[in-house]
Amino acid sequence: MQEVKLTVSYDDYEDGIRMEKLIRELAAKPEAGSLESLIIGDWGQAYENSPDEFMGTLTGLASSFPSLKKLFIGDMGFEECEVSWIIQTNLTPLLVAFPELKSFTVKGSSGLSLEPIEHAKLEELIIICGGLPKSVLASISRAKLPELRKLELYLGVDNYGFDGSLEDVLPLLEQGLFPKLVYLGLKDSEIQDEIAKAAAEAPILDQLEILDLSEGTLSDEGAEALLASDKIKKLKHLNLSYHYMSDEMLIRWKRSSGISVDVSEQQQSDEDDWRYPSLTE
Amino acid sequence: MMSGMTEMEENLQRPVKNSELEQPLLLIGNPNNRRTLGLQEARQRLGLQPALVLPYARLLKIWRQGGTIANALQQCLEGRGTTYTQGEPWVSSPTLMSYANHDSAHGVKSVPLIRIDAPGEEWEVERELLFLGAVKDISPLTDSLSASMIPAAQTLTLEQEWGRIYAPNQWFRGWKACLERIAREAQEYWPNARFMNDPHDIAIMFDKRKCQQHLSAHGVHVPPTLQSSELISNYEDLRTAMKTAGMNRVFVKLACGSGASGVVAYQINPQTGAEIAITTVGMERVQGEIIFYNEGRMRRYTRTSEISALMDWLCAEGAQIERWMAKATYGSSVFDIRQLVAGGQAAHAVVRLSQTPITNLHLRNERLLPVEAGLDEHQMDGVQKEAKAAMAAFPNSWSAGIDVMLSAGTEPRAYILDVNPFGDLLYRVQHNGLGTYEWEMELLRKEPHNHAGYEHHRRLP
């Protein structure tokens, strides 16, 4: 047993079944000992109920899952809950309870906090949401994650919880914050151009292999800065998919030899010239 | 062309010798549309006589002029605008009426079968149905008049605005009156004729409110309906009923809408009060009046002013309101299944994927075969069992395209979303090497008496 996803379906929820019960049942199985990846899906009306209902159970039974390397809290689709409506909580106890964890993914940012973030072995942190609160950004910039290799953040829009500005993102572009970081994703942002301009010459590029600025409102403005940067040319890959760049800019990317860049999913501004990131629902 | 032909296809090419024993088919539909042509092609391939096509436009016009279905058919037989494409009509002389009445001489096999097909996609027919729906006291089946009535005199000169949804409740009144009159006149003129799908059943299947109640009463799994002690007649009622029931996510569906028309996925965030309505219904204010129309793309309304206008209209025109349950997923898409059932058998199935809660939007959504979507035998068994149970709730009807959803989660359950009496128009899908119409016609040829109204329906154990 490598990976298990636990979901409380509509029928289950109506029948009174809760995530806590599913976790207990899983922990009681002999295969629990070899489980490497646990995905917590919909815990039932996640727009109303937070993971607090099962957090204690999961942390309490952590020793039943000694092989667990990956944990995903809130893997649910729009049919189950709008991303921006998923209610989260302070998830730091999970990082404490699972010291062997290598990958931690969270979906939804309403009520989310991760304070403090400290983990000796975590290599991957991913937060998928409609808008990331600046308090969480601050926690990440204070985090102690010596092994972190991949950081992927959906920054989103202010309507859905992004209450910050470029100032709150800048600390993540400092070099040495996470010494082993090679993949940085600052994506799905409504200030994607500002981020691109700031990232283009950021010191952190010297340690990165992949920069991911996809899913946001990147236009030619941000693209110009990236194209002009020598540091960008040294990356192994640049992900700009889902963007608002012009056809001309796409041709320029095509001609810029030596850069591995994904410029798929070109978007058109709407009638009022509004540009939306991908995950704004 | 002959090379690579399968045995089945060769069999299909072989003409049937004893065509006089064949069950003649009267098709009430719109000539030259994909349905009628598809059915005629299937009959030709099977060596069956073409169906005699009675166009809705002709029938409705003759009714309006005081005639009957017999007059309309007489006109067709006399060649005035006959619509069968080739060959002789299945009855030339004497007329259909005498033919049908002579079944004692010809044996039961010559009793004609009547297929009522979809009336849609022809503006002249739409206008006639709106006209029929404007005439009062035509039918005990019909409900009260809706607010957006178009007076009878105006209906026939109405110009089509593409996509606009005209007085859906009035249209439905007209459609139900049409079905009822076909039933009545058929009984009168050809008492031995049989319907492929019973007109009364069609009226129920078309009414999402009645259909779901009917299915539920027959023990078929359907999404729970939003219950309310009061009639839900507008947005305020809807909000109240949702709050009382603790049901924060619902589908509000125009009771008589087909396809994705008039379907809204609506949710309220109980924490923040935010609301979202996802739909293909577009709204436009024209001279103080709100015009509703079908859009090819998905709209997302979050403003209360817009959502309330939409819901006021839907509730006034008649809406089915049911729990929005999370559907099973394939990759990043959700899906449901269109399952064809005919003669008690489940055959062709198409998986309809969507990136939105609405799966039956024809324009964009991807379609897969069940096996392509990774559905295993166990899951398809569940789908087919439920679809057949839904069909069995209509013992006087023979064929329908049944929309089935599987719930999300590790133990998906099948729920019936819709029963489409004309749901056999499915492309690019075969069963035993046959397209949907070929398969149906082959079934009818093999088992002409295994038909509702004749003997039995196949009740599930």
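Analyst: A salt bridge is a side-chain nitrogen of Lys or Arg within 4 Å of a carboxyl oxygen of Asp or Glu. By this rule, five salt bridges cross the interface of chain A and chain B. The model is predicted, so local features need pLDDT of at least 70 and side-chain atom pairs pLDDT 80 or more, whereas totals for chains, interfaces and linings use all residues. Residues are numbered from 1 along each chain as its sequence is written, chains are lettered from A and ligands numbered from 1 in the order in which they are written, and side-chain values use heavy atoms, without hydrogens and water.

User: What makes the pair A:Glu14 and B:Arg323 a salt bridge?

Analyst: The N to O distance between these side chains is 3.8 Å. The limit is 4 Å, so the pair counts.

User: How many residues of chain A and of chain B are in contact with each other?

Analyst: Contact means heavy atoms within 4.5 Å. On that basis, 19 residues of chain A touch 30 residues of chain B. The buried area, which is the accessible area (1.4 Å probe) that two parts lose on being put together, summed over both, is about 2000 Å². A:Tyr10, A:Glu79 and A:Trp85 supply 37% of the area that chain A buries against chain B, more than any other three residues.

User: What makes the pairing of A:Ser37 with A:Glu3 a polar contact?

Analyst: A polar contact is a pair of N or O atoms within 3.5 Å; within protein, one must be able to donate a hydrogen and the other to accept it, and residues adjacent in sequence count only if both atoms are side-chain atoms. The two side chains make such a contact at 2.9 Å.

User: Why are B:Arg303 and B:Glu306 classed as they are for accessibility?

Analyst: B:Arg303 has 52%, which is over 50%, so it is exposed. B:Glu306 has 25%, so it is partly exposed. Their side chains meet in a salt bridge at 3.7 Å, N to O.

User: What makes B:Arg35 and B:Asp117 a salt bridge, and where is each residue?

Analyst: The closest N and O atoms are 3.9 Å apart, so the pair meets the 4 Å rule. B:Arg35 is in helix H2 (residues 34-45) of chain B, and B:Asp117 is in the loop between strand S3 (113-116) and helix H7 (123-134), 82 residues away. Both B:Arg35 and B:Asp117 are buried.

User: What makes B:Asp336 and B:Arg352 a salt bridge?

Analyst: The closest N and O atoms are 3.0 Å apart. This is within 4 Å, so the pair counts. The pair joins strand S11 (residues 333-342) to strand S12 of chain B, and both residues are buried.

User: How do you know where the buried residues of helix H5 (residues 134-141) of chain A lie around the axis?

Analyst: These residues are A:Val136, A:Leu137, A:Ser139 and A:Ile140. What covers them includes strand S5 (124-128), strand S6 (150-156) and helix H6 (166-169) of chain A.

Definitions and conventions: Buried means under 20% relative accessible area, exposed over 50%, partly exposed in between (1.4 Å probe, protein chains only). Helices (H or I, at least four residues) and strands (E, at least two) are DSSP runs, numbered from the N terminus.
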